[in-house]
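Visitor: Please take one part of this model and go through its helix packing closely. Which partners meet, and at what angles?

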Amino acid sequence: MRRLISLFVSAAILALLWWKIDIDAILAAFRTCDFFWLTCGLAAIVPLTLITAWRFLLLTRSGLGFAAATRLILSASTLNMLLPSKMGDVAKSWVLTKRYDFDWRHALTIVIFEKLLDLGALLVWGTAALIWMAHGETTLILAALANSAVVAVILLMIAPSSLASTIMLKAAKLLPRRYRAKAADFADKWLEVSRWFWSEPGRAIGTLAVSLALWAAHLAQFWFFAKALGSGIGMVDNMAFATLSIEVGLLPFTMAGIGTRDAAIVYFYRAWVSPAQGAALGVLATSRYLIPALFGLPFISDYWNRKQENSA
């Protein structure tokens, strides 16, 4: 029922947005797209997916294999189109546990750790861009401060100290009795994984650098799409407003952020593109999720197939 509600909300917001803007104008924006920049934006999906799979291997500490990691990333993209707030990525822990014989605590810790790296890297670029372009504008300064606070929490979570684990253990005591033991086990595994991550500083810093580079490329992909639609937006401005648009899309009200992210793009990019071009940019932004999701469809059976195929 919740999925149907999310789908309805997405469809309703998108229909209202397109109706208010004028569908013919949106279609005209697509027809006049610059082919070179559009191709750059769409082609970027391939290396971004492969680099994400490679980084996932760096975190798993296993012989999972690059092909299997890529398969996991693609199938998670499929689930992300159905689940709110990119929860398909978290669902990878189920496949790691049931198909590849990971300990459930280790699997869940890895995928959450991965998501924290993604969110942290996105917010680092977005916060830097917001600070650079704020020029005393209160709204942008507040957005930068809010993002900075989240980055600080993420750094606390992934730090090799026991503070995050201690907080988790205290929080576990507030849960219903049947969940306390599992929550405590997860807290212990979190400390183990975070200490392993930092046990080789070179590897840890390299993984953080890959995450930052990965999200710089994701934000550049938004810029490619904006350029394809004739926008003159600068890279820094794009980084700031693409970050805010992605954040809005993470709100758990819609299917894969469709609708909320589109409306945010129309609003934040209004100084550089017309409403029709902004709506078209929203569709191209959704293609970043839709295309990997389509390629992940053949692998979605991994979520109920328990057979191990580490060499897949």
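**Helix packing around α15**

Guide: Helices α5 and α15 cross in a left-handed sense (near helix turned anticlockwise from the far one by less than a right angle; clockwise is right-handed). The model is predicted, with local features needing pLDDT of at least 70 and side-chain atom pairs pLDDT 80 or more, while totals for chains, interfaces and linings use all residues. Numbering starts from 1 along each chain as its sequence is written, and side-chain values use heavy atoms, without hydrogens or water.

In this pair, α5 covers residues 66–80 and α15 covers residues 275–296 (helices are DSSP runs of H or I, at least four residues, numbered from the N terminus). Their axes lie 7 Å apart, at an angle of about 115° (lines fitted to C-alpha atoms over the stretch in contact, angles from 0 to 180 degrees between N-to-C directions). From α5, the contact takes Leu74, Ser75, Ser77 and Thr78; α15 contributes Pro292, Ala293, Phe295 and Gly296 (contact means heavy atoms within 4.5 Å). The class count for this contact of α5 with α15 is 4 nonpolar, 4 polar and no charged residues (Ala, Val, Leu, Ile, Met, Phe, Trp, Tyr, Cys and Pro are nonpolar, Asp, Glu, Lys and Arg charged, the others, Gly among them, polar).

The next partner of α15 is α2, residues 23–31. The axes of α2 and α15 come within 8 Å and cross at roughly 65°, so the two helices are roughly perpendicular (65 to 115 degrees; under 35 is roughly parallel, over 145 roughly antiparallel, the rest oblique). The crossing of α2 and α15 is right-handed. On the α2 side stand Ala25, Ile26, Ala29 and Phe30. They meet Ala276, Gln277, Ala279, Ala280, Val283 and Leu284 of α15. This contact of α2 with α15 holds 9 nonpolar residues, 1 polar and no charged.

A further pair can be set beside these. Helix α4 (residues 45–60) and helix α8 (residues 104–134) have axes that come within 10 Å and cross at roughly 130°, which makes α4 oblique to α8. The crossing of α4 and α8 is right-handed. Thr52, Arg55, Phe56, Leu59 and Thr60 make the contact from α4, and His106, Ile110, Val111, Phe113, Glu114, Leu117 and Asp118 make it from α8. Sorted by class, the contact of α4 with α8 has 6 nonpolar, 3 polar and 3 charged residues.
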